[in-house]
Amino acid sequence: MTRAPMTRAPMTRPRLAALVALVAVAVAGAIVGLALYTRMPGLGPADRADPGGRFDLIDTAGRPVTDRDLVGKPTAIFFGFTFCPEVCPTELAELTTVLKAMGPDAGRLNVVFVSVDPERDTPAQLRLYLSNFDPHIRGLTGTPAQVQRIARAYKVYYQKVPTEGGYTVDHSTSLYLMDRHGRFVDRVAYGAEPQALEKALRTLLAR
Ligand code: NI
């Protein structure tokens, strides 16, 4: 067994100096570029952040509820409205099935339904509507500005659409899973099978 002879000549001093200078310029450029990038509106970390954040709303009894009230338990939160013809009742019915299947573990989660139709979804209207579903599901509403703030924080889309009789509200349908500190973990798409939803909630609890 023979070793291949070393063919490359050792680097000369001027070439080494040039290489060091090149690396230094590249590193400096990367640092400046990163600094500019993170300060640029629309590109910085704040705009690419995960769903979640501060909010001030009220519950179905009219009591104030903020993001701080959810800390300590993992949270499943989604957005909709009580006049929703299909998506919200379907999702709430599925959550009801899953929460019942989870038994006492359901109480270890915050499950939150936030109205994106605050004009019609008063605390009393939300309370009446949610009485059809699992009692673990908490309804939150607020002023239009408060609802807009939480929707922005969670990157939720909603839009009033006029109809013959009045209006409906188009809205995002994902269920957001947050850890016990309020940090985003995952989202479950509308239409997931109950077994998949239960698994996602149990995984969230096990974190
Ligand atoms: Ni809906």
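Residues are numbered from 1 along each chain as its sequence is written. Because the model is predicted, local features need pLDDT of at least 70 and side-chain atom pairs count only at pLDDT 80 or more, whereas totals for chains, interfaces and linings use all residues; side-chain values use heavy atoms, with hydrogens and water left out.

The protein contains 6 helices and 9 strands, taken as DSSP runs (helices H or I, at least four residues; strands E, at least two) numbered from the N terminus. Of its 207 residues, 35% are buried (under 20% relative accessible area, with exposed over 50% and partly exposed in between; 1.4 Å probe, protein chains only). Among contacts (heavy atoms within 4.5 Å) with a separation of 6 or more, 70% are made by residues 24 or more positions apart.

The nickel ion is coordinated by Cys 84 (SG), Cys 88 (SG) and His 171 (NE2) at 2.0 to 2.1 Å. Donors are N, O and S atoms within 2.8 Å of the metal (3.2 Å for Na, K and Ca); water is not among the atoms, so sites may look incomplete. Along the chain, the donors follow the spacing C-x3-C-x82-H. Cys 84 is buried at 9% relative accessible area, and Cys 88 is buried at 1%.

Tyr 190 is located in the loop between strand E9 (184–188) and helix H6 (194–206). With a relative accessibility of 32%, Tyr 190 is partly exposed. Beyond residues up to four places away in sequence, Tyr 190 touches Glu 86, Val 87, Thr 90, Glu 91 and Thr 173. The C-alpha atoms of Tyr 190 and Ser 172 are separated by 9.1 Å, the two residues being 18 residues apart along the chain.
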